[in-house]
Amino acid sequence: MYMILVGGGNVGVNLAKRLIQRQHEVLLLEKDARQATRLSNMLGEEHVYVGDGCELSTQKAVGFGRADVVIAVTGEDEDNMVVCQMAKVVWSCDRVLARVNDPSHEEIFRQIGIDDTVSATGIIFNLLEQQIAKDELIPLGALAKGNIEIVETVLSSRSPVVGRRVRDLTLPPQTNIVWILRDGQGLVVEGDTELKVGDEVVALLPSDRAEELRMLFVPTKV
Amino acid sequence: MMRVVIFGCGRTGSSLGLMLAKNHQVTVIEQNPEALRRLGTRHQCKVVVGSGIDEEVLERAGIGEADVFFAVTRGDNSNIMAAQIARLKYKVPKICIKVADPHRADAYRKMGFECVVSSALIAGFMSDWMTEQPFRPIDEYNTLCEELKL
């Protein structure tokens, strides 16, 4: 596959290394000439191009039109947005992937049609949340352009659902409990499954129902 | 009276703000507090320090109730991103972006944004001034840009 990466920082260079190892045709764009020279020494000059990935002339020169995927991994969300949007709109590139530094920008990326985004900040934040917060609904991921969410909660003794069977819960519409992790073992969820303290419950639901599920599972704060 | 939010207090943003503040309610967003000096000491604008691609900053500037949004910083991509947030998230009805790169302006114009390319305007005005032709509508200068043909 022909993969164009925009942004020769740490993320870009390490990603490029791995993709080159996998025998892909990889081109890393970097606008700073000195940084590009360093990258050429590391990756081989056939894998590096000096230029601004936001500019049409660069996009034309490196062949955005025949790229299988364009990946924007600069440290600036606005640059990543413009690279991906122009790849899609001007060059009809099917697959684009953007690094999003400020997780609150993920929604606007999705709204303009950049469906694949990765936010290191968001991922680290979610991991920390999982370790810290009992009795909170933690988003693990999103499907269908963010319309469906996968959420997890860890039940404390104060959760109102402890001791109840799954079939007796009034779940929000279209909500499924898909998995319970108990004592390090995954459980297949059945109607008779009784919820216990310490259970990690994973559910799949439409994102606008998350608040209803939270109300059901999470004890009201005193 | 219109409620106007301007992102960027450079020469363009400050002139625009001062000009509009006589008859409209103007808020200026600027990251660099030093740049706000361009507004002088007796201006009528509300000022918010921060970035126009930060939703919290936009909300403090009253983007939710704005009739018009101008993105006029030096950064084309910041302007474009701020404009898209203003359009999609806050449904601002009138949006105008300053874009230095005529190709980028062309791409976003096709997506329905009003993009002004200042270098193209100046070149067009000057050329018509020299040949003593009447000045044309702004969009003609915007799109007649020679650089676009390269």
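Predicted model: local features only at pLDDT ≥ 70, side-chain atom pairs only at ≥ 80, totals over all residues.
**Note on the A–B contact and the fold of chain A**

1. In the contact between the two chains, 15 residues come from chain A and 16 residues from chain B. On the side of chain A that touches chain B, α4 and α5 (106–111) of chain A each supply at least two residues, and the largest share, 7 residues, belongs to α4(A). By residue class, this side of chain A is made up of 9 nonpolar, 2 polar and 4 charged residues.

2. On the partner chain, helix α4 (residues 102–110) of chain B deserves a separate look. Its buried residues are B:P102, B:H103, B:R104, B:A105, B:A107 and B:Y108. The cover over these buried residues of α4(B) includes elements of both chains, namely α3 (56–62) and α4 of chain A, along with α3 (76–88), β5 (94–98), β6 (114–116) and α5 (118–130) of chain B. After α4(B) comes B:G112, which has a positive phi, near 95°.

3. Turning to the sheet of chain A, 6 strands are arranged as an open sheet in the order β3-β2-β1-β4-β5-β6, and their pairing is parallel. Because β3 (48–50) and β6 (116–118) of chain A stand at the edges and have a single partner strand each, one side of each is left without a neighbour in the sheet. From one strand to the next, the twist averages 20°.

4. Within this sheet, strand β1 (residues 2–6) of chain A pairs with strand β4 (residues 69–72) of chain A in the parallel sense, over 4 bridges. In this pairing A:I4 stands opposite A:V70 of β4(A).

5. Two helices that pack on the sheet may be described together. Helix α1 (residues 10–21) of chain A touches β1, β2 (25–30) and β5 (95–99) of chain A, and its direction makes about 165° with that of β2(A). Helix α4 (residues 77–89) of chain A also packs on the sheet, where it touches β1, β4 and β5 of chain A, with a direction at about 175° to that of β5(A).

6. As for the domains, the assignment for chain A gives domain 1 (2–118) and domain 2 (133–217). The centres of domain 1 and domain 2 of chain A, taken over C-alpha atoms, are separated by 37 Å.

Notes
Residues numbered from 1 in each chain as written. Chains lettered and ligands numbered in written order. Pairing = 2+ DSSP bridges. Axes fitted to C-alpha atoms, helices over the stretch in contact; angles between N-to-C directions. Contact = placed C-beta atoms within 7 Å. Nonpolar A, V, L, I, M, F, W, Y, C, P; charged D, E, K, R; others polar. Buried ≥ 20, exposed ≤ 12 C-beta atoms within 10 Å, placed from the backbone. Domains from an automatic or database assignment.
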